[in-house]
Amino acid sequence: MVGTQQVSVLPQPRPEINFRANSESPLKRTNSKSPVGFNRLEILARDFNPWRVVGTQQRVTPLLVQNEIVSLPSASTISVIRNQFKGRAPAAKTVAVLADPIFTTDDQRLTSQPQPSNTTIATDAKRSAAEACRTSDLERLEYSSKEAEEILTLVPAAQQLKALGFNASRATATSPDLAQYRMVHFATHGCINEEHPELSGLVLSLFDEKGNPTDGFLRLHDIYNLNLPAELVVLSACQTGLGKDVKGEGLVGLTRGFMYAGAKRVAVSLWRVNDTATSKLMEKYYQQMLDKGLNPVAALRAAQLEMWQTEQWKAPYYWAAFVVQGEWR
């Protein structure tokens, strides 16, 4: 582009964007009254740097202003998804939300004195989560509860599953009932091991209501074994879009696991995200889907632009971490 330059706002940017496809989007309008055309960029996840922007030194414009961005774990993913899910009817209910689990013994929601772990399973789960997360001190994500409540206000009670606190458990996540929902939302800690992706997972409640330690680590092999025919899985957690780059396979991580389990699309993050900002972004994201009827890719773009246009959340750090991987239609 004449008279412009690419500007990176990261001191150590990821590799250059690799444009695998460039086609006209069926979505022709933004929030303005004037029709606006923009491109769809299909990008391999390992090459994607959403911080990349285009503009002059005086004015920097995020890539998504004129582009709808889709990320794929590998070049063959979209073909596999379309062949596998062709003709599949959407699930009957709207959204299941698992959020704000119990991680530590000092959580105020633990009214019973936590008991020492007396099961090998619970002990191994806690150790596995600590190894994957590289810390044994997982902080409560307090805004994830507000995030969940705001999402659920958009849906009738009969169309939702609300699993907060103790109920945001591994038992809930692996229940066959989860297959009844078109959208499944996890707001918790995601732990990614890029060297050994099989050790990655999501941390859910590590204690039950009586204070007994429980197996709350949803491992990658657990995810592969789920039956989750969802239109969208949202992993509202840190770095859930990362994984190990395997030659000939692409990124192996949580996204691959949920797609194998049946999800058409997975919304994930590429770096450590801010709890408050993520809560705001997710509220706007679901409003765009459930109130305005946008598909998950277009809805995320609209929500991110809305964040960018506000002074408090204008910096890309607050909203650009999240991408949708998988089907864009």
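A residue counts as partly exposed when its relative accessible area falls between the buried limit, under 20%, and the exposed limit, over 50%. Tyrosine 224, at 24%, is therefore partly exposed in this predicted model. Tyrosine 260 has a relative accessibility of 57%, so this residue counts as exposed.

The mean pLDDT of the protein is 78, and 70% of its residues reach 70 or more. Strand 8 (residues 160–164) has the highest confidence, at a mean of 98, and strand 2 (residues 19–24) the lowest, at 30. The pLDDT is below 50 over residues 1–38, a stretch with 79 contacts beyond near neighbours in sequence. Residues 51–56 also stay under 50, and there the model has 28 contacts beyond four places in sequence. Where pLDDT is low, predicted coordinates should not be read in detail.

Five aromatic pairs were counted. In one of them, the rings of phenylalanine 186 and phenylalanine 258 have centres 5.7 Å apart and planes at 45°, so the pair is tilted. Phenylalanine 186 belongs to strand 9 (residues 181–187) and phenylalanine 258 to helix 6 (residues 254–261); the pair therefore ties together parts 72 residues apart in sequence. Both phenylalanine 186 and phenylalanine 258 are buried.

Tyrosine 224 and tyrosine 260 also form a tilted pair, with 5.0 Å between centres and 55° between planes. Tyrosine 224 lies in helix 5 (residues 220–224) and tyrosine 260 in helix 6, so this pair ties together parts 36 residues apart in sequence.

Trp313, Tyr317 and Tyr318 make up one aromatic cluster. A charge also meets a ring: the charged end of arginine 88 sits over the ring of phenylalanine 85, 4.2 Å from its centre.

Methods. Residues are numbered from 1 along each chain as its sequence is written. This is a predicted model: local features need pLDDT of at least 70, side-chain atom pairs count only at pLDDT 80 or more; totals for chains, interfaces and linings use all residues. Side-chain values use heavy atoms; hydrogens and water are left out. pLDDT is the predictor's confidence in each residue, from 0 to 100. Helices (H or I, at least four residues) and strands (E, at least two) are DSSP runs, numbered from the N terminus. Contact means heavy atoms within 4.5 Å. Rings of Phe, Tyr and Trp (its six-membered ring) pair if their centres lie within 6.5 Å; planes under 30 degrees apart count as stacked, over 60 as edge-to-face and the rest as tilted. Buried means under 20% relative accessible area, exposed over 50%, partly exposed in between (1.4 Å probe, protein chains only). A charge sits over a ring if NZ of Lys or CZ of Arg is within 6 Å of the ring centre and within 35 degrees of the ring normal.
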